[in-house]
Amino acid sequence: MVWIEELKEHVGKEVTLKGWVYNKRDSGKIRFVILRDGTGLLQCVFAKSEVDEATFELADLANQEALVKITGTVREDKRAPGGVELSVRSLKLMADSENYPITPKEHGIDFLLSRRHLWLRSRRQHALLKCRDTLIRAFHEFFEKRGFILIDPPMITPTSCEGATTLFEIDYFGEAAYLSQSGQLYMEPAAAAFGKVYCLAPSFRAEKSKTRRHLTEYWHLEPEVAFLDLAGDMELAEDMLLCVVRGVLEHRADELKLLGERIEGFDKHTELLKNLDKPFYRISYDDALELLKGKAVQMKWGEKFGADEEAVISREFDRPVFVHRYPKASAPFYMKEDPVNPKVVLNFDLLATEGYGEIIGGSQREDDLAKLEAAIERQGLPREPLEWYLDLRRYGTFEHSGFGIGIERTLAWITGIHHIRETIPYPRLIDRIYP
RNA sequence: UCCUCGGUAGCUCAGCGGUAGAGCGGGUGGCUGUUAACCACUAGGUCGGGGGUUCGAAUCCCUCCCGGGGAGCCA
């Protein structure tokens, strides 16, 4: 038994493969069966003059996605997709497949998402999820090389980490518990224990967000580093993003090309990614307000940027842009106040290019116990469940920073696809939990 | 939650007051190099549910259900 991806090493030899029928074409006395085994596609040729009558007839009986076992001779042929094809000697139908729903034509998104378990077999989804695999490996490699320790946060938590956003509530032996929306509060103690740490885990958001940039369950990567200030935090985010973008471009060129066939302006996007380099742009919230004013977008100081404003800002730059030091009033309690200007906090959002929007949010954490207590009080958060978190400021408080990056948003940006729902094997969306 | 668009054959859609349509997919037949093959023939429908207007409703109105796109929130 061999896999399709290994066939170039078997040219001229007879091999046996198992796989599913991807597509068929026939023309009188010749039949073409495109075989799919997960590692690639292979054109199998049935010539009436070269196979026996029964085998030739069998080629007709195998429906789309039927499992077959095929034996034949590997041959190089320019006319075949992939460069090699199989001259078939025998075929065995192992398992039939009647009326496979995803035919090789266009389908709507509702139809496809309802059949996500089958949709994964198609070329585009295959390419996308291979890019996801490469992206995640690139992230791990980056942090491993820098001496970070992987720390897994809990997914079941007693309270909200950030207060405002809606949480999924679960019944925990009669007590209310919640699915985590961030591992950050658990990574800060880990940073005090190990210095440089990161986690990669699902985060859950119960907001009824219904846009191309939201999932209710997404994969959240969160580094947290001791003795790192805001400037260092942005440098870390910059180095990390450059590293993983280059990793995907290098290892998944074929997949990206396939994905780009149906995306307008894809060449320009790829060109931009290939030329991506340090430094990314850094502008303050105040600078961003000025920039928007120049684009005839009037906003009062203190107002948050919406998706439109973020798109306007990001389109002004040919590299991702850090927007830092946002107004304190709308910031989460754990962000450190700027000693230079107490009206803002030491945080940043990283906006991806071409209007993709925010893919990273990070900050230097408040390390002053009194200020942190005041922020909790000011935001009306219950203090008791956060006592353990306050301990970090009691026992050797330390300067530290971190950020969170969405795997799916990053992948959508790199691959140039519009909606993030296809960047995760089984997307969880508002009103969609099947399959 | 709000705004907006939609639900007609297995799929993608056209039809928008007067007998239910196309392409693809399925079936049958033809073709020895096809690339989402092509050509011919063929089967396939409570026009999302309910109510109303009308001589007559897929088409107009009301309502409910389901889905797409977007906003807010965020990664």
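E354 is partly exposed, with a relative accessible area of 29%; partly exposed lies between buried (under 20% relative accessible area) and exposed (over 50%), using a 1.4 Å probe and protein chains only. In this predicted model, local features need pLDDT of at least 70, side-chain atom pairs count only at pLDDT 80 or more, and totals for chains, interfaces and linings use all residues. Residues are numbered from 1 along each chain as its sequence is written, chains are lettered from A and ligands numbered from 1 in the order in which they are written, and side-chain values use heavy atoms, with hydrogens and water left out.

E354 is not a glycine, yet its phi is positive, near 60 degrees. The residue sits in the loop between β14 (347-352) and β15 (357-364). Helices (H or I, at least four residues) and strands (E, at least two) are DSSP runs, numbered from the N terminus.

## Positive phi at N99

N99 also has a positive phi without being a glycine, with a value of about 50 degrees. Its position is in the loop between β5 (84-95) and α2 (109-114). How much relative accessible area does N99 have? The value is 71%, and N99 is exposed.

Where does P279 lie? P279 belongs to the loop that runs between α8 (266-274) and β12 (281-284).

P435 is in the segment after α13 (407-415).
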